[in-house]
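Work through the exercises below with the structure open. Each task is followed by a solution in steps.

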Amino acid sequence: MILILFRSRLTPAAGDDYVAMNERMQELAEKADGFVDVKAYTAADGERLTIVRWRDLESLRRWREDPRHRAAQEMGRERWYEYYVSEVAEVVRESRFARPAVAAEGAAEAAS
């Protein structure tokens, strides 16, 4: 699993045109072979963090080289980003926990 950590700050010029392009790029990425998921967050100071997970480096490479993605990146540098930092990381370990729904429901009923 490959993670992209994309930290950025938008300029005041990032309006509806930015939102439309961002939505279009997310739609394209989600259809790309090897895309896993994406989550986006905004910090209290306005910095944004987008985390994109890809199956492997090859699928990320294909996305990086997609001409539509390249054009969007260029527009972002010209118009919408005050700055960005893009970091690529490989997941070396993962652990998970999920509360069983039945146990959570039973605890809620017992409390009432």
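**Exercise 1.** State how the lining of the largest pocket divides by class into nonpolar, polar and charged residues.

Solution. Step 1: the model is a predicted one, in which local features need pLDDT of at least 70 and side-chain atom pairs count only at pLDDT 80 or more, while totals for chains, interfaces and linings use all residues. Residues are numbered from 1 along each chain as its sequence is written, and side-chain values use heavy atoms, with hydrogens and water left out.

Step 1: On a 1 Å grid over the protein atoms alone, a pocket is an open set of points where a 1.4 Å probe fits, with protein on both sides within 12 Å along at least five of seven lines; lining residues have an atom within 4 Å of a point. Ala, Val, Leu, Ile, Met, Phe, Trp, Tyr, Cys and Pro count as nonpolar, Asp, Glu, Lys and Arg as charged, and the others, Gly among them, as polar.

Step 2: the lining has 20 nonpolar, seven polar and three charged residues. It comprises 30 residues, and F6, V52, W63, H69 and Y81 lie nearest the pocket centre.

Step 3: helix 1 (16-31) is among the elements that supply at least two lining residues, and helix 1 gives the most, with six. Helices (H or I, at least four residues) and strands (E, at least two) are DSSP runs, numbered from the N terminus.

**Exercise 2.** Describe how helix 2 and helix 3 are set against each other.

Solution. Step 1: their axes, lines fitted to C-alpha atoms over the stretch in contact, come within 5 Å and cross at roughly 60°. Angles run from 0 to 180 degrees between N-to-C directions.

Step 1: angles under 35 degrees count as roughly parallel, over 145 as roughly antiparallel, 65 to 115 as roughly perpendicular and the rest as oblique. The two helices are therefore oblique to each other.

Step 2: W63, R64 and E65 in helix 2 are in contact (heavy atoms within 4.5 Å) with P67, H69 and R70 in helix 3. By class, this contact has two nonpolar, one polar and three charged residues.

**Exercise 3.** Which residues does M21 touch, not counting residues up to four places away in sequence?

Solution. Step 1: M21 lies in helix 1. Step 2: M21 touches A72, M75 and W80. Step 3: M21 and G76 are 55 residues apart in sequence, and their C-alpha atoms are 9.4 Å apart in space.
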